[in-house]
Amino acid sequence: MKRRDFLGAMGAGAAALVLPGCGTTARQGAGQAGRPPNVVIIFTDDQGYQDLGCFGSPLIRTPHLDRMAAEGVRFTDFYVAASVCSPSRAALMTGCYPQRVHMNVFTRLVKGEEKPGGGVLFQNSPRGLHPDEITIADLLKGRGYATACVGKWHLGHLPQFLPMRQGFDSYFGIPYSNDMNVARDGKSGPPLMRNGTVVEHPARQDTLTRRYTEEAVRFIRAQADRPFFLYLAHTMPHIPIHASSTFLGKSPRGLYGDVIEEIDWGVGEILKALDETGADEHTLVVFTSDNGPWLQFGARGGSALPLRDGKGTVFEGGMREPCVMRCPGRIPAGTICREVATTMDLLPTIARLAGASVPGDRVIDGRDIWPLMTGRPGATSPHEAFYYYQPAETAPKAVRCGPWKLFRPGPRYETHKTDDGKFVHRRFDAPVELYHLGTDVGETRNVAGENPEVVRRLTGMIEAFDKDLTAHSRPAGPAGDLASSPASA
Ligand SMILES: [Ca+2]
């Protein structure tokens with residue numbers, strides 16, 4: 001079924017669907033009862049597992065996120081589907097492993113020729129997420145939601161790949177990473193776009209967190225009559241990190257701490273806007289990060305402790321993220337979920353809340369985790385296994401099944417500290433490794449030799465999943481003309 005037919009069918013069936021609200025209390029905003037809940041996803045860039053007060057940061061102060069956790073649920077075993085930006089975002093938006101939608105290996109145009117281009121999109125990449133993919137925004141727009149994308153997109157910067165072609169009514173942000181240089185008129189850095197137009201180049205990065213927050217708050221306040229979906233994908237704390245003058249020099253954790261504390265301020269502004277508009281108890285707010293910390297940058301990067309390693313690797317620190325969800329009245333306050341859940345699960349879960357159907361004409365890897373979010377007694381992870389993929393590779397490198405995590409033998413990446421104290425990303429040859437994450441969350445003790453049966457079983461799972469995914473994958477968007485975008489190099 002094509003996207004248009006699918007969305008049309010959803011609209012036709014809408015009247016018959018039950019529309020569960022998020023909150024049900026008397027404080028519910030006027031006119032919000034009986035309509036599906038609003039959804040806010042706040043997605044940061046390269047923030048580490050430890051970089052929130054409620055996840056154990058010793059120095060970074062995040063009172064608003066801590067309040068969200070105190071009033072909602074904190075997930076301890078929440079995963080992204082890639083340890084770098086573009087594929088992780090593709091998974092969030094589509095509910096699929098990036099390999100399923102061919103958003104794992106990219107190309108770049110060099111002198112008119114398409115060449116291998118690594119694990120993320122660049123300003124000279126001619127492709128993006130296929131416009132026929134059905135995103136969370138498509139599903140919600142089909143249910144009458146107002147939809148806004150604010151922040152970093154990174155799923156293709158050509159006009160046919162921008163957020164407004166993926167279900168968003170509006171877009172304000174940078175189209176790819178803030179370290180990607182677009183040399184033009186002697187300037188460098190990413191452009192800031194509103195919808196399809198460049199409005200500032202280069203983007204003034206020290207003001208981005210503040211301006212994204214203001215844009216998000218304006219959008220929330222403008223939605224008196226309709227349910228809304230806000231996807232706020234902060235540019236920070238991806239290198240180069242910047243904070244506004246209000247926050248600069250304030251955190252005991254240095255500039256990186258300033259950056260996170262400004263993001264936390266933004267969370268507070270959003271919660272305040274939800275409260276003041278009466279939407280608070282009718283809104284699901286999700287906070288997480290797109291991948292682990294960029295450890296190569298030392299103090300300018302984050303921390304994933306007690307997890308091993310960070311961005312660009314398939315260790316826990318690369319792919320397990322801090323995650324907090326809040327929906328007063330439905331998500332019990334101050335709870336912790338230790339089951340495996342992923343960003344891919346947000347699409348089917350949000351579809352359920354909005355009374356939309358999960359696309360049935362294609363494989364969706366995510367599963368409905370509402371029972372986990374709401375603490376239903378006895379609820380367990382809907383995933384028998386979770387698969388880890390190394391950036392720019394096509395076959396799974398590792399699998400988690402229950403407490404066990406198995407790595408296939410072969411080349412792998414890690415962040416290595418050199419003798420002179422520098423951190424480098426290096427490739428090394430590793431044997432088969434098995435870790436018990438329940439007793440060894442830091443992946444320090446290889447117990448493969450003592451558990452041959454587990455090794456055999458999990459190896460079989462990787463092979464079977466690889467075969468299934470390869471047989472049921474979909475293409476990335478076709479290559480376009482770089483000259484069609486004002487954001488191209
Ligand atoms: Ca990232």
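Colleague: Let's start with Thr76. Is Thr76 buried or exposed?

Modeller: Thr76 counts as buried, because its relative accessibility is 6%. Buried means under 20% relative accessible area, exposed means over 50%, and partly exposed is in between (1.4 Å probe, protein chains only).

Colleague: Where is Thr76 found?

Modeller: In strand S2, residues 73-79. Helices (H or I, at least four residues) and strands (E, at least two) are DSSP runs, numbered from the N terminus.

Colleague: And what does Thr76 touch?

Modeller: Leaving out residues up to four places away in sequence, Thr76 touches Tyr49, Arg320, Ile336, Cys337 and Arg338. Contact means heavy atoms within 4.5 Å. Thr76 also pairs up with Cys323 in an interesting way: they are 247 residues apart in sequence, and their C-alpha atoms are 7.3 Å apart in space.

Colleague: Before we go on, what should I know about the source?

Modeller: This is a predicted model, so to speak of local features we need pLDDT of at least 70, and side-chain atom pairs count only at pLDDT 80 or more, while totals for chains, interfaces and linings use all residues. Residues are numbered from 1 along each chain as its sequence is written, and side-chain values use heavy atoms, with hydrogens and water left out.

Colleague: Now the metal. Which protein donors does the calcium ion have?

Modeller: Asp45 (OD), Asp46 (OD), Cys85 (SG), Asp290 (OD), Asp290 (OD) and Asn291 (OD1). They lie 2.3 to 2.7 Å from the calcium ion. Donors are N, O and S atoms within 2.8 Å of the metal (3.2 Å for Na, K and Ca). Water is not among the atoms, so sites may look incomplete.

Colleague: How are the donors spaced along the chain?

Modeller: The spacing is D-D-x38-C-x204-D-N. Asp45 and Asp290 link distant parts of the chain, 245 residues apart. Asp45 is in the loop between strand S1 (38-44) and helix H2 (63-70). Asp290 is in the loop between strand S10 (283-289) and helix H7 (316-319).

Colleague: Why is the arrangement around the calcium ion irregular?

Modeller: Because the 6 donor atoms subtend angles of 51 to 156°. Six donors count as octahedral if opposite donors are over 155 degrees apart and all others between 65 and 115. Four count as tetrahedral if all angles lie between 85 and 135 degrees, or as square planar under the rule for six. Anything else is irregular.

Colleague: Are those two aspartates, Asp45 and Asp290, buried or exposed?

Modeller: Asp45 is buried, at 0% relative accessibility. Asp290 is buried too, at 0%.

Colleague: What does Asp290 touch?

Modeller: Its contacts, not counting residues up to four places away in sequence, include Asp45, Asp46 and Cys85. Phe43, Thr44, Val80, Ala82, Ser88 and Arg89 are on the list as well.

Colleague: What about the backbone of Asp46?

Modeller: Phi of Asp46 is near 70°, a positive value in a residue other than glycine. Asp46 lies in the loop between S1 and H2. At 2% relative accessibility, Asp46 counts as buried.

Colleague: And His102, what is its phi?

Modeller: Near 50°, again positive in a residue other than glycine. His102 sits in the loop between helix H3 (85-94) and strand S3 (107-110). With 40% relative accessibility, His102 counts as partly exposed.

Colleague: New topic. How many residues of helix H8 are buried?

Modeller: 8 of its 9 residues, so H8 (residues 346-354) is mostly covered. Among them are Leu346, Ile350 and Leu353. Gly355 follows H8, and its phi is positive, near 75°.

Colleague: Last one. How many cavities of 30 Å³ or more does a search find?

Modeller: 1, in the whole structure. About 50 Å³ of space lies in the largest cavity. The lining has 8 nonpolar, 3 polar and 1 charged residues.

Modeller: On a 1 Å grid over the protein atoms alone, a cavity is a set of points where a 1.4 Å probe fits but cannot get out. Lining residues have an atom within 4 Å of a point. Volume is the space filled by probe spheres set on the points, which are joined across faces, edges and corners. Ala, Val, Leu, Ile, Met, Phe, Trp, Tyr, Cys and Pro count as nonpolar, Asp, Glu, Lys and Arg as charged, and the others as polar.

How values were computed
1 Å grid on protein atoms, 1.4 Å probe; cavity = no way out; pocket = protein on both sides within 12 Å on 5 of 7 lines; lining within 4 Å.
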